[in-house]
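Thank you all for coming this morning. I would like to walk slowly through one model with you, so please keep the picture in view while I talk.

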Amino acid sequence: MAKVNLDVAVVGGGLGGLYALYRLRRLGFTTRVFEAGSGVGGTWFWNRYPGARCDIESLEYSYSFSEELQSEWRWPERYATQPVILQYINHVADRFDLRRDVELNTRIASAVYDRAANRWTLTAGDGTIISARYCVMATGNLSTPRVPDFKGLESFQGKWHHSGLWPAEGVDFTGQRVGVIGTGSTAIQMIPLIARQASHLYVFQRTANFSLPARNAAMDVERERQHKADYARRRDEARTTPFGVSGYPLPTQSALAASPEERRRNYERLWDEGGTIGFLTCYNDFLVSEEANETAAEFVREQIRRTVHDPKVAELLAPKDHPIGSKRLCLDTGYYETYNRDNVTLVDARSAPIEEITPRGVLTADREYELDAIAFATGFDAMTGALREIDIRVEGGEVLAEKWVGGPLTYLGLMSAGFPNLFMITGPGSPSVKSQMIVSIEQHVDWIARCLDDLRTQGLARIEPTADAEVAWVAHVNQVADSTLYPRANSWYVGANIPGKPRVFMPYVGGVGAYRRRCDEIAANGYEGFEVTAEGNAALRQRTLSAA
Ligand code: NAP
C-alpha cells in the first residue's frame, strides 16, 4: 500500500487542481494532484458529448497567470470546442511540467483530519494513503453526473449515455432513433448535432429554457490581436465585473427607465452579437425586477416564435415559468431551428411525464417511444455532489456530509468551520458557477497560496473559519440571493434537480468584483473570521495571522 507524505494534497486534476499545483509548487510546498480520470481536464475530460463547447468566449475563458501562455496559445474559434479546451489543458500540463505530480486513475474515497497530528489522511480507491498538512478540494461544481432514478433503465436494450460520462471514442447515431432527455445547456448543444445523424430524434422536455445564439465563428484574427495586445488591462477589468468577463461592467441603467424602442434596439443588438453575458448585464434591474426581466424574456420568446415554424412547438419551447437568467442561460448554435426538421419531435414531458424506461425505449404517461439510443442530458448533483461523495471527516468530530445535510455551510466558499486546513476551490458560497470559472479558480488558488505562505512565514500551521464568521457569511449569501430573481427558478443553483436535496441557493451572486474585494480585505485584516494556530497546543498558542 503506497504512502505519500505531502504539504498539500489536491483532489481533482481539472483547471482548478492544475493551477493549484502550479502555484503551490512554485512556493515550495510539496504538492500532488489526485485525479479520478485517466487524463487531466476535469469537466473538459468527461463531457465529450457532441457539440460540447464553452459558452464564454475563449479569449476570456483561459488562464491569465502566464503572459506567454495567453499570448501564444491560439484559439481557433470564438467559443472553443471541448476537444480544443482539453488540448489546451494538456498543453498547460506539459508546458509547466505538471504531470510528474499528477496521479491519474486515483479516486479519493475519504479524507480524515487528525487534530493532534494536524494532518489530513486521504485514502484512494486503490488503497493509496496520502498524508498532507493541507488538503485542497478542486473537485469541480458539475462533476457528479446524475441519471434520474427511472424505473426499468437496466432493461433498455439499446445504448444509453450520460453527457458527463460520454465515451471517449464518441457515439455514432447514424440512422438511429434517439431520445435526448433534458433541455438544459448540455442538451441544447447536443440536439442540433444528433439531429443531423439520427433517423429520428425525440427530445423529452420537462422545462423549457431560455437559449441565446452563440454566433460562433472562426476567430477573427484582428480581434484576437487587439484583445491580446490589451490582455493585462482586460484581465484586470474582468476581475472587477459582476461575472468575471471583461467588457461587461456593472450596469447602471434600468430597463424600465428605457423606452420600449430603446430596449428593443438594445436586445436586438445583443441577440445579433451573440453570447449570454451581454444580456445578463444589459440593465441593472434585469436580475432583480420581474417587470424589467419580463421585457427581455418576452423579446426572447418572440425570437423563438419567429424561428420555429410550428406554433405549438414554438409555444412549448418558450419558457414561461421562470425569469430569464434566473437559471443558467443557455447558448446555442441552431437549437430552435432544429425543431423545423422533419426528423425531430419535441415531446412534452411536463404534461405527460416519463414513467419508465422499457426494453424498447421511453414510456411516458401518453405513449411509448421506441428508441435505439438514449442520451441523458439530465445534469449533475451540482456544487456539493463531489464533496459529499468523499467521506470528509474530523477524527472524533464532524462529518462534512452530515454538517451539510441542510445545505452547504462555508465561509467565503473557501473553507467550512470545524474542518481545519481543508480548502475548496470555487466552493458553494463563492461566485463559482455564477462567474467565468477560470477567473474564480485563479482567485481562489491565489488566495489559498497566499494564506499558506503567510501561515508558513509566521510559524503557523492551522487555519479554520470561526462558526460565527461562517453563519454571517451564509446569511449574507442568502440575503444577496433573496434580493434577486435567482431563487424564483427551480434550478440546480438551489439543488432543485436532485430529489430530496435541501433547497438552498448555493452560489454567491454579489458579483466577482465585490466578492474578490471582500476576500482581499479579510486576508489583509489578519484573516478576519478565521482562527489560526501554531502546531501543538492550539488553545495556548493561538495567534493572529497577518497578511504579507
Ligand atoms: P441541467 O441544466 O441541470 O439540465 C438537466 C435537464 O434534464 C433539464 O432540462 C431537466 O429538466 C432535465 N431532467 C432532469 N431529470 C428529468 C426527468 N426525470 N425527466 C425529464 N427531464 C429531466 O444540466 P446540463 O444541461 O447538463 O447543464 C448543467 C450545467 O452545466 C449548465 O447549467 C452549465 O452551467 C454547465 N454547462 C455549461 C456548458 C457550456 O459552457 N457551454 C455546456 C453544458 C453545461 P427540469 O429543468 O425540468 O428539471
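What you see is a predicted model, in which local features need pLDDT of at least 70 and side-chain atom pairs count only at pLDDT 80 or more, while totals for chains, interfaces and linings use all residues. Residues are numbered from 1 along each chain as its sequence is written, and side-chain values use heavy atoms, with hydrogens and water left out.

With that in place, we can go to Tyr527, which sits in the loop between α17 and β20 (530-533). Is Tyr527 buried or exposed? Tyr527 has a relative accessible area of 1% and is therefore buried, where buried means under 20% relative accessible area, exposed means over 50%, and partly exposed is in between (1.4 Å probe, protein chains only). As background, most residues other than glycine have a negative phi. Ser432 is another non-glycine residue with a positive phi, of about 35°, and Ser432 is placed in the loop between β18 (422-424) and α15. Ser432 counts as buried because its relative accessibility is 0%.

Next, please find helices α15 and α17. The axes of α15 (residues 437-457) and α17 (residues 512-524) come within 11 Å and cross at roughly 0°; these axes are lines fitted to C-alpha atoms, for helices over the stretch in contact, and the angles run from 0 to 180 degrees between N-to-C directions. That crossing makes α15 roughly parallel to α17, given that angles under 35 degrees count as roughly parallel, over 145 as roughly antiparallel, 65 to 115 as roughly perpendicular and the rest as oblique. Which residues of α15 and α17 meet? From α15 there are Val439, Gln443, His444, Trp447 and Arg450, and they meet Val512, Tyr515, Arg516, Cys519, Asp520, Ala523 and Ala524 of α17, with contact meaning heavy atoms within 4.5 Å. The residues of this contact divide into seven nonpolar, two polar and three charged, where Ala, Val, Leu, Ile, Met, Phe, Trp, Tyr, Cys and Pro count as nonpolar, Asp, Glu, Lys and Arg as charged, and the others, Gly among them, as polar.

In the loop between α16 (467-482) and α17 lies Phe505, which is buried at a relative accessible area of 6%. Leaving aside residues up to four places away in sequence, Phe505 touches Val477, Asn478, Ala481, Tyr486, Pro487, Tyr493 and Val494. The C-alpha atoms of Phe505 and Val477 are separated by 8.1 Å, although the two residues are 28 residues apart along the chain.

Leu346 belongs to strand β12 (residues 344-348), and Leu346 is buried, with a relative accessible area of 12%. Again not counting residues up to four places away in sequence, Leu346 touches Val203, Gln205, Val313, Leu316, Leu317 and Tyr339. Between Leu346 and Val180, which are 166 residues apart along the chain, the C-alpha atoms are separated by 9.8 Å.

Helix α10 lets us check a length. Its 18 residues (290-307) should span 26 Å at 1.5 Å a residue, and its end C-alpha atoms are 25 Å apart, which agrees; the expected span is 1.5 Å times one less than the number of residues. The buried residues of α10, including Ala292, Phe299 and Ile304, pack against β10 (211-213), α8 (260-273), α9 (277-280), α11 (311-317) and α12 (335-338).

Finally, let us turn to charged pairs. How many salt bridges does the structure hold? The structure holds 40 salt bridges, each being a side-chain nitrogen of Lys or Arg within 4 Å of a carboxyl oxygen of Asp or Glu. One of them joins the side chains of Glu77 and Arg53 (3.2 Å, N to O). Glu77 lies in the loop between α3 (67-72) and α4 (82-95) and Arg53 in the loop between α2 (43-46) and α3, so this pair ties together parts that are 24 residues apart in sequence. Arg53 is partly exposed, with a relative accessible area of 24%. Elsewhere, salt bridges link Arg25, Arg32, Asp97, Arg100, Asp101 and Glu103 in a network.

How values were computed
Helices (H or I, at least four residues) and strands (E, at least two) are DSSP runs, numbered from the N terminus.
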